[in-house]
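Please open the structure in a viewer and keep the selection tool at hand.

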Number of protein chains: 2
Amino acid sequence: MPATNGPRLWDSLMAMAEIGATANGGSSRLALTEADAAGRALFGQWAEAAGLAVHHDAVGNQFARRAGAEAVPPVVLGSHLDTQPRGGRFDGVLGVLAALEAVRTLNEHDITTRAPLEIANWTNEEGARFTPAMLGSSAFTGAMPLAEALARADAEGVTLGDSLATVGAAGDTPLARDFDAFFEIHIEQGPVLEANGVEIGVVTGGQAIRWLDVRVTGRAGHAGTTPMPARRDALFAAAELAQTIERRVAETDGLLATVGECHVEHGSRNTIAADLRFTLDLRHPDDAVVDAAIDDLRARFAAVAERRGVDCAVEPHWRSPALPFDETCVGHVREAARALDCRWQDMISGAGHDAFHLARHCPTAMIFIPCAGGLSHHEAESIEAEHARIGADVLVNAALARAGRA
Amino acid sequence: MPATNGPRLWDSLMAMAEIGATANGGSSRLALTEADAAGRALFGQWAEAAGLAVHHDAVGNQFARRAGAEAVPPVVLGSHLDTQPRGGRFDGVLGVLAALEAVRTLNEHDITTRAPLEIANWTNEEGARFTPAMLGSSAFTGAMPLAEALARADAEGVTLGDSLATVGAAGDTPLARDFDAFFEIHIEQGPVLEANGVEIGVVTGGQAIRWLDVRVTGRAGHAGTTPMPARRDALFAAAELAQTIERRVAETDGLLATVGECHVEHGSRNTIAADLRFTLDLRHPDDAVVDAAIDDLRARFAAVAERRGVDCAVEPHWRSPALPFDETCVGHVREAARALDCRWQDMISGAGHDAFHLARHCPTAMIFIPCAGGLSHHEAESIEAEHARIGADVLVNAALARAGRA
């Protein structure tokens, strides 16, 4: 099995991090800004130095192609080089540069693959400049029409199409062309691998996500003149609903619930809350499990509301079904981890990634490595160089298993 | 006992309500606006027609004096004619016009009192144009220095002093002059009298009020990648604190708790809440009871925070001690109610009133009448004409008991 060069990969990560480097050790390369353009250029130079042919599609997705022995669809490895406004050094970047390290390693070993290999740097994965996130892979796979993608505007009103022209990032590589497979290595952005002392997460798919909006309507009243039994307090009702959520979630392994926003409309310190809204994010690997939890919560919410004399409305906001990755590609990742004799485990991806768009386009799998404290989207995001190396080893071997030796 | 003229009182209330009348049946007379000036002028005409001498002090408090047999400090009856931007017809207005009805009744009965009587229309009670509320009585009694009161500015930057000059409402009656006593009749602004089928509330004082700021600090994290047991969720912690408040309050009769504002800092639907603030308003007639509840809550909050791995800080924001009214004046009100053979009960005032400033200046008492559904600060505020009449009867007889017949 070919082994990657850990220090070389780390040096590339650190060199890329200097582009848009922030005072606190992170990186700031918002999509299609000058900093992002500089990151793209550096990656392009490295790719060409490795003998790859760099090309772009109409939304600026950047590809670097290594020819194979046969003219068949490529096995694609990649992620993204754009970052949050004050992001870390590894989220996305690892996936592109570990792919580069994989190619460099194959070059060193004079290995020609049957299928071509390509490295992909997807445009605007973070969603921090243009919404939504994963825009480039979305447009590539057809989830979003090209015209809509080009028309997305940033906070200053500059469109993605204009930004592409400014930095010269658009090209004529066809969208939605055939891929044989897609592999993405990424930091976990969660604490599981670190907590388990595991080096590699074999990602079997993405979990089901439901976003709900909950509105509790009580009755306003004077804080000083309304006896407690006469109140229909939307806030105390919502507190009980939140506790209901927490208890329901504890009944089911792997079910996640987050109430990230909560707002009392026309809230005032000495007025009983009458109109309160909160958001609910529910996730589980299995669609049926999360939907059953929602049914349960609706019933339990209704009982609380009835007892308290308030109204409670639960509206769906967004629904993303569970998405299992391709069993063969996941098997390649698992076999590569097993052969390397590292500590690995199967896991679900909690966050969104370009790989989820690609999974609807071609056989896809992902590899996770630990990040310190599960921290990401933060300048202090941190990984072990050793984990990056092991991850790149898994990536190159999984890709090789898929693409085949010539 | 002299009896007031219910229809005359009601006609006066309805005539005053036409000044600044709103489309939905309320009134809008923000302090020292043209509408308020017109209300003051109408009251002044009525007072002069009843033989009273109208005069003003330096913050525009309007007085109408009925001479007594002796040159002693007056017994003062009153409230305020200003309203919320879309206020009701009775909050404050009843207190001024029932006082006028009391004087009209004494006139009809040719009753001269030993002490002079005065009707007071306190400036800017609502706090809706200039903050704080009860500004006129505050400046009169010295709780707020005159210069500070005159410098208070509305949302457009117009000062109270300038507004006084514009509407010609300032005069040279001394501030802080001696009052023999102060009586204020007001709608309850709560549901207790109506629920109890009672016509008159004999107000024995104001309750202790504590405003607290609670801040819960957890740890941010990704809604999709952080296992539930690894979370330090500030929102779920706050929900348990809110339930803790509700349970603690239920242990003590008459203790009131309101969480009127709640805010997740940097809240996002798919991020675990890390920094949440909420307000807490606690009230009880007894200072010791409310302080003991706060001690309890601090201890219970700390236990919740410790168990959940979050921080919880409880900061005092404002403290208003319980304020018992003068026993003799309260006795006059109670005796008047008893003599009228109406349904009455002792009660505490939950809301703030000019009478609380006056209570620090002279012997003071208040009379409450029911309002429909406890509703106030609302165009739909509503009372029974019969209750207004009974309230005016209590007022005139309590005042007569205090001032004495010549």
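Which residues of chain A does UniProt list for "binding site" in an unreviewed entry, together with Asp91(A)? The record lists Asp91(A), Glu126(A) and His377(A). These three span 287 residues in sequence, yet no two of their C-alpha atoms are more than 9.4 Å apart, so they gather at one spot. UniProt positions are given in the numbering used here, feature names are shortened, and annotations may be inferred rather than shown by experiment.

Before continuing, note that this is a predicted model, in which local features need pLDDT of at least 70 and side-chain atom pairs count only at pLDDT 80 or more, while totals for chains, interfaces and linings use all residues. Residues are numbered from 1 along each chain as its sequence is written, chains are lettered from A and ligands numbered from 1 in the order in which they are written, and side-chain values use heavy atoms, with hydrogens and water left out.

**First stop: the annotated sites**

Select Asp91(A), which lies in the loop between strand S3 (75-79) and helix H3 (93-108) of chain A. Helices (H or I, at least four residues) and strands (E, at least two) are DSSP runs, numbered from the N terminus. Asp91(A) is buried, at a relative accessible area of 4%; buried means under 20% relative accessible area, exposed over 50%, and partly exposed in between (1.4 Å probe, protein chains only).

His80(A) is found in the loop between S3 and H3 of chain A and is buried, with a relative accessible area of 0%.

**Second stop: aromatic rings**

Select Phe63(A) and Phe140(A). Their rings form a tilted aromatic pair, 5.9 Å centre to centre with 55° between the planes. Rings of Phe, Tyr and Trp (its six-membered ring) pair if their centres lie within 6.5 Å; planes under 30 degrees apart count as stacked, over 60 as edge-to-face and the rest as tilted. Phe63(A) lies in strand S2 (residues 62-66) and Phe140(A) in helix H4 (residues 135-141), so the pair ties together parts that are 77 residues apart in sequence. Phe63(A) is buried, at 0% relative accessible area, and Phe140(A) is likewise buried at 0%.

Then select Arg104(A) and Trp46(A): the charged end of Arg104(A) sits over the ring of Trp46(A), 5.5 Å from its centre. A charge sits over a ring if NZ of Lys or CZ of Arg is within 6 Å of the ring centre and within 35 degrees of the ring normal. In chain B, Arg104(B) lies over the face of Trp46(B), at 5.6 Å from the ring centre.

Colour chain A by its division into domain 1 (6-206 + 323-403) and domain 2 (208-320). The domain centres, taken over C-alpha atoms, are separated by 38 Å.

Finally, select helix H8 (residues 234-250) of chain A. How many of the 17 residues of H8(A) are buried? The count is 14, and H8(A) is mostly covered. At the start of H8(A), a side-chain oxygen of Asp233(A) reaches to within 2.8 Å of the backbone nitrogen of Leu235(A).

Conventions: A polar contact is a pair of N or O atoms within 3.5 Å; within protein, one must be able to donate a hydrogen and the other to accept it, and residues adjacent in sequence count only if both atoms are side-chain atoms. Domain bounds come from an automatic or database domain assignment.
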